[in-house]
Amino acid sequence: MDLGTLPGVGERMKGAFRRYPTGVAVITAAGPDGPVGLTASSVASVAVDPPALSFSVMGGNSARALLTAPSFVVHLLGTRHADLARHFARSGGERFTPGQGWSTLPTGEPILFDAVAALRSAPLHLVPVGDSTLVVANVLEVFHGPEDRPLIHHSRQFLSTEEF
(Lines give C-alpha, C1' and ligand atoms only; values in the text may rest on other atoms or scores of the structure.)
Protein backbone atom coordinates (compact mmCIF):
# COMPACT_ATOMS: atom_id res chain seq x y z
CA MET A 1 0.00 0.00 0.00
CA ASP A 2 1.48 3.34 -1.03
CA LEU A 3 0.73 5.92 1.66
CA GLY A 4 2.27 8.76 -0.31
CA THR A 5 5.78 8.32 1.11
CA LEU A 6 8.18 10.74 -0.53
CA PRO A 7 11.19 9.36 -2.46
CA GLY A 8 14.26 8.80 -0.29
CA VAL A 9 12.38 8.75 3.02
CA GLY A 10 13.51 5.17 3.78
CA GLU A 11 17.20 6.08 3.50
CA ARG A 12 16.67 9.29 5.49
CA MET A 13 14.86 7.28 8.15
CA LYS A 14 17.84 4.89 8.44
CA GLY A 15 20.08 7.94 8.88
CA ALA A 16 17.79 9.33 11.57
CA PHE A 17 17.82 6.07 13.54
CA ARG A 18 21.62 5.89 13.32
CA ARG A 19 21.54 9.04 15.44
CA TYR A 20 19.23 7.42 18.00
CA PRO A 21 21.05 5.27 20.59
CA THR A 22 19.49 1.95 21.58
CA GLY A 23 20.31 -0.96 23.84
CA VAL A 24 21.69 -4.18 22.39
CA ALA A 25 20.35 -7.72 22.65
CA VAL A 26 21.22 -11.12 21.22
CA ILE A 27 18.22 -13.31 20.53
CA THR A 28 18.75 -17.08 20.40
CA ALA A 29 16.67 -20.18 19.72
CA ALA A 30 17.07 -23.89 19.16
CA GLY A 31 16.86 -24.17 15.38
CA PRO A 32 16.23 -27.32 13.35
CA ASP A 33 19.95 -27.59 12.55
CA GLY A 34 21.32 -26.36 15.89
CA PRO A 35 21.36 -23.10 17.82
CA VAL A 36 20.65 -19.84 15.98
CA GLY A 37 20.99 -16.23 17.04
CA LEU A 38 21.23 -12.64 15.93
CA THR A 39 21.93 -9.20 17.34
CA ALA A 40 18.95 -6.85 17.71
CA SER A 41 18.69 -3.22 18.72
CA SER A 42 14.91 -3.08 18.44
CA VAL A 43 13.92 -4.82 21.69
CA ALA A 44 11.25 -3.03 23.72
CA SER A 45 9.10 -3.75 26.73
CA VAL A 46 5.44 -3.95 25.68
CA ALA A 47 3.48 -4.84 28.83
CA VAL A 48 3.90 -6.10 32.38
CA ASP A 49 0.55 -7.88 32.66
CA PRO A 50 0.80 -10.06 30.69
CA PRO A 51 4.59 -9.71 30.50
CA ALA A 52 5.46 -9.03 26.86
CA LEU A 53 8.27 -7.64 24.73
CA SER A 54 8.79 -6.87 21.06
CA PHE A 55 11.58 -6.80 18.49
CA SER A 56 11.92 -6.85 14.72
CA VAL A 57 14.00 -9.03 12.42
CA MET A 58 14.86 -8.99 8.73
CA GLY A 59 15.42 -11.98 6.41
CA GLY A 60 18.41 -14.26 6.87
CA ASN A 61 18.63 -17.86 8.08
CA SER A 62 18.81 -17.00 11.78
CA ALA A 63 15.78 -14.71 11.53
CA ARG A 64 13.76 -17.36 9.69
CA ALA A 65 14.65 -19.97 12.33
CA LEU A 66 13.71 -17.56 15.15
CA LEU A 67 10.36 -16.81 13.52
CA THR A 68 9.45 -20.51 13.42
CA ALA A 69 10.78 -21.40 16.89
CA PRO A 70 8.21 -22.12 19.63
CA SER A 71 10.37 -20.09 22.07
CA PHE A 72 13.57 -18.05 22.18
CA VAL A 73 15.74 -16.14 24.64
CA VAL A 74 16.27 -12.38 24.44
CA HIS A 75 19.61 -11.52 26.07
CA LEU A 76 20.03 -7.90 27.20
CA LEU A 77 23.74 -7.13 26.93
CA GLY A 78 26.24 -5.02 28.81
CA THR A 79 29.57 -3.65 27.67
CA ARG A 80 31.40 -6.92 28.45
CA HIS A 81 29.45 -8.43 25.53
CA ALA A 82 30.44 -5.97 22.79
CA ASP A 83 32.47 -8.58 20.88
CA LEU A 84 29.65 -11.10 21.18
CA ALA A 85 27.19 -8.56 19.77
CA ARG A 86 29.53 -7.91 16.82
CA HIS A 87 29.83 -11.64 16.06
CA PHE A 88 26.07 -12.18 16.13
CA ALA A 89 25.49 -9.04 14.03
CA ARG A 90 27.32 -10.32 10.98
CA SER A 91 26.93 -13.37 8.83
CA GLY A 92 29.66 -15.90 9.52
CA GLY A 93 30.58 -14.43 12.92
CA GLU A 94 31.67 -16.75 15.73
CA ARG A 95 28.56 -18.02 17.50
CA PHE A 96 27.96 -20.37 20.40
CA THR A 97 31.65 -21.03 21.05
CA PRO A 98 32.73 -22.52 24.40
CA GLY A 99 34.62 -19.31 25.23
CA GLN A 100 31.45 -17.23 24.93
CA GLY A 101 29.89 -18.99 27.93
CA TRP A 102 26.75 -20.53 26.42
CA SER A 103 24.58 -23.08 28.22
CA THR A 104 21.34 -24.77 27.19
CA LEU A 105 18.06 -24.47 29.09
CA PRO A 106 16.08 -27.66 29.81
CA THR A 107 13.60 -26.36 27.22
CA GLY A 108 16.38 -26.41 24.56
CA GLU A 109 17.18 -22.73 24.01
CA PRO A 110 20.78 -21.48 24.17
CA ILE A 111 21.28 -19.11 27.11
CA LEU A 112 24.06 -16.80 28.22
CA PHE A 113 23.67 -16.68 31.99
CA ASP A 114 26.14 -13.78 32.34
CA ALA A 115 23.98 -11.47 30.21
CA VAL A 116 22.58 -8.53 32.19
CA ALA A 117 19.22 -10.26 31.80
CA ALA A 118 17.83 -13.12 29.71
CA LEU A 119 14.12 -13.37 28.96
CA ARG A 120 12.78 -16.71 27.70
CA SER A 121 9.81 -15.84 25.52
CA ALA A 122 7.24 -17.34 23.17
CA PRO A 123 5.78 -15.56 20.14
CA LEU A 124 2.31 -14.06 20.48
CA HIS A 125 2.12 -12.13 17.19
CA LEU A 126 4.25 -12.04 14.04
CA VAL A 127 3.47 -8.96 11.99
CA PRO A 128 5.04 -8.71 8.51
CA VAL A 129 6.08 -5.14 7.66
CA GLY A 130 7.87 -4.81 4.32
CA ASP A 131 11.01 -6.97 4.47
CA SER A 132 10.89 -7.14 8.30
CA THR A 133 8.77 -8.96 10.85
CA LEU A 134 7.68 -7.40 14.10
CA VAL A 135 7.59 -10.01 16.86
CA VAL A 136 5.47 -9.53 19.98
CA ALA A 137 6.28 -12.20 22.55
CA ASN A 138 5.04 -13.39 25.91
CA VAL A 139 7.85 -13.43 28.53
CA LEU A 140 7.86 -16.86 30.21
CA GLU A 141 10.93 -16.63 32.47
CA VAL A 142 13.48 -13.97 33.43
CA PHE A 143 17.08 -14.64 34.49
CA HIS A 144 19.17 -11.81 35.96
CA GLY A 145 22.93 -11.90 35.44
CA PRO A 146 25.72 -9.71 36.78
CA GLU A 147 25.35 -5.93 36.55
CA ASP A 148 27.27 -4.14 33.80
CA ARG A 149 27.37 -0.77 32.07
CA PRO A 150 24.89 -0.53 29.19
CA LEU A 151 25.97 -1.58 25.71
CA ILE A 152 24.63 0.95 23.24
CA HIS A 153 24.21 0.75 19.47
CA HIS A 154 24.73 4.17 17.90
CA SER A 155 25.81 5.20 14.43
CA ARG A 156 26.58 1.57 13.44
CA GLN A 157 28.86 1.05 16.45
CA PHE A 158 28.62 -0.78 19.77
CA LEU A 159 29.62 1.64 22.53
CA SER A 160 29.68 1.86 26.30
CA THR A 161 28.12 4.80 28.09
CA GLU A 162 31.68 6.05 28.74
CA GLU A 163 32.27 6.37 24.98
CA PHE A 164 28.94 7.99 24.27
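Author: Here is the strand, then its core, the pocket and the rings.

The model is predicted, so local features need pLDDT of at least 70, side-chain atom pairs count only at pLDDT 80 or more, and totals for chains, interfaces and linings use all residues. Residues are numbered from 1 along each chain as its sequence is written, and side-chain values use heavy atoms, with hydrogens and water left out.

Start with the pairing. Helices (H or I, at least four residues) and strands (E, at least two) are DSSP runs, numbered from the N terminus. Two strands pair if DSSP finds at least two bridges between them. Strand β4 covers residues 44-48 and pairs with β5 over four bridges, in the antiparallel sense. A47 has A52 as its bridge partner in β5. Strands of a sheet pair through backbone hydrogen bonds, either parallel or antiparallel.

Next, the core. A nonpolar core is a set of buried Ala, Val, Leu, Ile, Met, Phe, Trp, Tyr and Cys residues joined through side-chain atoms within 4.5 Å. Buried means under 20% relative accessible area, exposed over 50%, and partly exposed in between, with a 1.4 Å probe and protein chains only. The largest nonpolar core has 19 residues. I27, L38, L53, F55, L66, F72 and V74 touch the most other members. β5 (51-58) is one of the elements that give two or more residues to this core, and so are β2 (25-31), β3 (34-40), α2 (61-68), β6 (72-76) and β10 (132-144). Take F55. Leaving aside neighbours within four places in sequence, F55 is in contact (heavy atoms within 4.5 Å) with I27, S42, V43, F72, V74, T133, L134 and V135. Another core lies apart from the largest one; it has 13 residues, among them A82, A85, L112 and F158.

Now the pocket. On a 1 Å grid over the protein atoms alone, a pocket is an open set of points where a 1.4 Å probe fits, with protein on both sides within 12 Å along at least five of seven lines; lining residues have an atom within 4 Å of a point. The largest pocket has a volume of about 1300 Å³, taken as the space filled by probe spheres set on the points, which are joined across faces, edges and corners. Its lining counts 34 residues, and T39, S41, S56, M58 and H153 are the closest to its centre. β5 supplies at least two residues of that lining, as do α1 (9-18), β3, α2, α3 and β11.

Last, the rings. Rings of Phe, Tyr and Trp (its six-membered ring) pair if their centres lie within 6.5 Å; planes under 30 degrees apart count as stacked, over 60 as edge-to-face and the rest as tilted. The structure holds six aromatic pairs. F17 and Y20 form an edge-to-face pair, 6.0 Å centre to centre, with 85 degrees between the planes. F17 counts as exposed because its relative accessibility is 52%. F88 and W102 have ring centres 5.7 Å apart and planes at 45 degrees, so this pair is tilted. F88 and W102 are both buried. F88, F96 and W102 form one aromatic cluster.
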